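Dear colleague,

My notes on it follow.

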Amino acid sequence: MKKTILSVAAAIMMFAACKSTKHASTTETKPATPKVDCGMPAPTYAGDVKNIIEANCTKCHGEGGKGGYNLTSLDDLHRAGKNGDLVGVIKWSPGFAKMPAHAEQLDAKTIASIECWVNNGMN
Ligand code: HEC
């Protein structure tokens, strides 16, 4: 009888431990695992996005930038990402200005990287 109680207790403990481990690992793996699978490792600001923005956007969107965006500022970039402007303008979506202004649209891979970054928390 005592043995049964012990094994029941052990089973409950294992279950609880399992549940909490699962919880913890979800938080730990967050940066490595994209929340939205976009068929690529989640891009990062430092590794990917900063270069794209500097190459295509910041000559017009610096300090006091056009359209109210200083895209050298990560805060402004986050704001544009959250409110949909960033992805809207680079995809030339209806209702958005076409960016980069007076230039070719960014290539599909670059657009996909930015979109993936926005959809995965903009880290
Ligand atoms: C040649 C200058 C120029 C370049 C390069 C440029 N922009 Fe713009 N951008 C503008 C101007 C001017 C506006 C003002 C709004 C307009 O045209 O309607 C603007 C507006 C915006 C807006 C505000 C959205 C809106 O509808 O008003 C966003 C977001 C934006 N640009 C993002 C970008 C991004 C991202 C890039 C790089 C991929 C970029 N821009 C490159 C000139 C530029």
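**Helix crossing**

The crossing of α2 and α5 is left-handed; a crossing has that hand if the near helix is turned anticlockwise from the far one by less than a right angle, and is right-handed if clockwise. The residues of this contact between α2 and α5 divide into four nonpolar, two polar and one charged. In these classes Ala, Val, Leu, Ile, Met, Phe, Trp, Tyr, Cys and Pro count as nonpolar, Asp, Glu, Lys and Arg as charged, and the others, Gly among them, as polar.

Before the rest, the basis of these notes. This is a predicted model, in which local features need pLDDT of at least 70 and side-chain atom pairs count only at pLDDT 80 or more, while totals for chains, interfaces and linings use all residues. Residues are numbered from 1 along each chain as its sequence is written.

Back to the helix pair. The axes of helix α2 (residues 45-56) and helix α5 (residues 108-119) come within 10 Å and cross at roughly 125°. That makes α2 oblique to α5, where angles under 35 degrees count as roughly parallel, over 145 as roughly antiparallel, 65 to 115 as roughly perpendicular and the rest as oblique. The axes are lines fitted to C-alpha atoms, for helices over the stretch in contact, and the angles run from 0 to 180 degrees between N-to-C directions. On the α2 side the contact involves Asp48, Val49 and Ile52, which meet Thr110, Ser113, Ile114 and Trp117 in α5. Two residues are in contact if their C-beta atoms, placed from the backbone, lie within 7 Å.

**The chain as a whole**

The protein chain has five helices and zero strands, and from the N terminus on its elements run α-α-α-α-α. Helices (H or I, at least four residues) and strands (E, at least two) are DSSP runs, numbered from the N terminus. Of the 123 residues in the protein chain, 15% are buried. Buried means 20 or more other C-beta atoms within 10 Å of the residue's own, exposed means 12 or fewer, and partly exposed is in between, with C-beta atoms placed from the backbone. Among contacts in the protein chain with a separation of 6 or more, 58% are between residues 24 or more positions apart.

**Around the ligand**

There are 20 residues around the ligand, and Cys57, Cys60, Lys66, Gly67 and Met99 come nearest. A residue is near a molecule if its C-beta atom, placed from the backbone, lies within 6 Å of it. Helix α4 (residues 85-90) gives the largest share of this shell, four residues. By class, the shell has 13 nonpolar, four polar and three charged residues.

**Two buried residues**

Leu77 lies in helix α3 and counts as buried, because it has 24 C-beta neighbours inside 10 Å. Leaving aside neighbours within four places in sequence, Leu77 is in contact with Ile53, Leu71 and Leu86. Leu77 and Tyr45 are 32 residues apart in sequence, and their C-alpha atoms are 9.9 Å apart in space.

Ile90 lies in helix α4 and is buried, with 23 other C-beta atoms within 10 Å. Not counting residues up to four places away in sequence, Ile90 touches Met99, Leu106, Ile111 and Ile114. From Ile90 to Gln105 the separation is 15 residues in sequence and 7.0 Å in space, C-alpha to C-alpha.

**Loops**

Thr72 is found in the loop between α2 and α3 (74-82). Thr72 counts as partly exposed, because it has 16 C-beta neighbours inside 10 Å. Apart from neighbours within four places in sequence, Thr72 is in contact with Thr58 and Gly62.

The loop between α4 and α5 holds Pro100, and the peptide bond from Met99 to Pro100 is cis, with omega near -5°. Trp92 is found in the loop between α4 and α5; its phi is near 55°, a positive value in a residue other than glycine. Trp92 counts as partly exposed, with 13 C-beta neighbours inside 10 Å. His102 also has its place in the loop between α4 and α5, and phi of His102 is near 55°, again positive in a residue other than glycine. His102 is exposed, with 7 other C-beta atoms within 10 Å.

Regards
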